[in-house]
Amino acid sequence: MKSIGIHPGLASRGVLLVSKRFLLRQKRGAIARMFDKTSSKNADKTTGESESSSNEIVARDNIVQIGDPILRLRTQQVEVADIKKPLVQDTISQLKKCMKSYDALGLSAPQIGVPLSIAVMQCSEKQLKGWTDEIIEQRGIKSFDLKVMINPTMKVVNSEVVNQREGCCSVHGMSALVPRAKEVAVEAFDENGSKYRWLVKDWVARIVQHEIDHLEGKLFTDVMLNETFEFDYWRIVNVRSGNFKLSYAPMTMHNTLKQKIFRPFWTVKYANSPR
Ligand SMILES: [Zn+2]
C-alpha cells in the first residue's frame, strides 16, 4: 500500500499508516531498513494478518516499551514543506491522542512507532493535582499549554545540574533520579510550520530534555543515577505478596492506585529509598 493516512481496515483500532516513501526521501537507509523489519511485525501484531506491509510504518495507539528497536533510532528531521501534509499532521494527532490516553506529560513520535523528529508536551492543571504542594515547589513543576516540537534543537542556558526523579511511558513503572540542566532554550517548528524559541527551566526544561533525548534514540536509563533506579510499585508487590499486575494499555489503573492507595505507604521511611 502506498497511501498516506489512516488505513480503513485499521482506523477503528487507531492505527495510522505512514508512507515509507516520505521517509526514504530523507535518505537514511538504515531507518528505512528498520521499517522493513519492524513494520511487518507491527502489522502482524495489530491485525493478525500475515501479508507483508513493508511500504508502511505503523503509528501505534499503544506506547512502545524499552527494547523496541525504534526507541534507539536517531529520528529523521521533518522537511518544513511537509509539516502540513497529512502524514505529519496525522502523527501529531496520534501523539496528542496517546499523550491524553496515557495521561503523559510528554510523548515523542518514536514512542508510537514513528521515527520522525516530533514530540508533544503538556502539563494541565488537572495533572498538577497528582503531586503534593511540597513536590510541586521542590521540583519547580508548572502547568503549561500543549506544545508541539518539530525538529527541536536545544541550548543549555543554565548548566546547573538538577537531579530529580523521572519516569517514562516507554519504561513503564520504573523511575530514577536523572541529572538535567536547569534551564534550556529550545528552537523548533510548531504544527503550522512556524519556527519558535522557548526558554524553559526546572520541570519544563526536564521534560524538554527528556523528549529531545527520545528523538536522538536516548532514554532516561542512559543518563540516570543507576543506584536510584526502582520499580515504582515495589512496596505494593510486597504488600500483596506478589499478586500485582501492571497494564501497558492506555488509562491504566496505576495513576489512581498510586495516589489513593500507595501514598500512605510512601510515608514509611525505607532504607536506601532516594525519594
Ligand atoms: Zn519518555
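1. The buried residues of helix 4 are Leu87, Val88, Thr91, Ile92, Gln94, Leu95, Cys98 and Met99. They sit on the same side of helix 4, because they cover an arc of only 165 degrees around the axis. That arc is taken from the directions from the helix axis to the C-beta atoms. A residue is buried if 20 or more other C-beta atoms lie within 10 Å of its own, exposed if 12 or fewer, and partly exposed in between; C-beta atoms are placed from the backbone.

2. Please keep in mind that this is a predicted model: local features need pLDDT of at least 70, side-chain atom pairs count only at pLDDT 80 or more, and totals for chains, interfaces and linings use all residues. Residues are numbered from 1 along each chain as its sequence is written.

3. Overall, the protein has 9 helices and 9 strands. Helices (H or I, at least four residues) and strands (E, at least two) are DSSP runs, numbered from the N terminus. Of the 275 residues, 32% count as buried. Among contacts with a separation of 6 or more, 67% come from residues 24 or more positions apart. Two residues are in contact if their C-beta atoms, placed from the backbone, lie within 7 Å.

4. The length of helix 4 checks out. Its 16 residues should span 22 Å at 1.5 Å a residue, and the end C-alpha atoms are 22 Å apart, which agrees. The expected span is 1.5 Å times one less than the number of residues. Just after helix 4, Asp103 takes a positive phi of about 55 degrees.

5. Which residues touch the most other members of the largest nonpolar core? They are Leu95, Leu107, Ile118, Ala119, Val120 and Val208, in a core of 47 residues. At least two core residues each come from strand 3 (56–59), helix 4 (86–101), strand 5 (118–123), strand 6, strand 7 (174–189) and helix 7 (202–215). Helix 7 supplies the largest share, 7 residues. A nonpolar core is a set of buried Ala, Val, Leu, Ile, Met, Phe, Trp, Tyr and Cys residues joined through C-beta atoms within 7 Å.

6. Leu95 of helix 4 is one of the buried residues there. Leaving aside neighbours within four places in sequence, Leu95 contacts Leu107, Ala109, Ile112, Ile118 and Val120.

7. Strand 5 is largely enclosed by the rest of the structure, because 5 of its 6 residues are buried. Strand 5 pairs with strand 4 (residues 106–108) in the antiparallel sense over 3 bridges. Two strands pair if DSSP finds at least two bridges between them. Val120 in strand 5 is the bridge partner of Leu107. Strand 5 also runs antiparallel to strand 6, joined by 5 bridges. There, Ile118 stands opposite Ile150 in strand 6.

8. Strand 6 and strand 7 pair in the antiparallel sense over 13 bridges. Arg165 has Leu177 in strand 7 as its bridge partner. The hairpin of these strands has 6 residues between them, and Gly173 takes a positive phi near 90 degrees.

9. Is Met154 buried or exposed? Met154 is buried, with 20 other C-beta atoms within 10 Å. It lies in strand 6 (residues 144–167). Not counting residues up to four places away in sequence, Met154 touches Val184, Val186, Val208 and Ile212. Met154 and Ala185 are 31 residues apart in sequence, yet their C-alpha atoms are 5.6 Å apart in space.

10. Ala185 stands opposite Leu199 in strand 8. Strand 7 and strand 8 form a hairpin with 5 residues between them, and Gly193 in the turn has a positive phi of about 90 degrees. Strand 7 also pairs antiparallel with strand 9 (residues 230–231) over 2 bridges. Met174 stands opposite Phe231 in strand 9.

11. Most residues other than glycine have a negative phi. Asp202 is not a glycine, yet has a positive phi of about 55 degrees. Asp202 lies in helix 7 and counts as partly exposed, with 18 C-beta neighbours inside 10 Å. Ser241 has a positive phi near 50 degrees. Ser241 is in the loop between helix 8 (234–239) and helix 9 (254–266). With 7 C-beta neighbours inside 10 Å, Ser241 counts as exposed.
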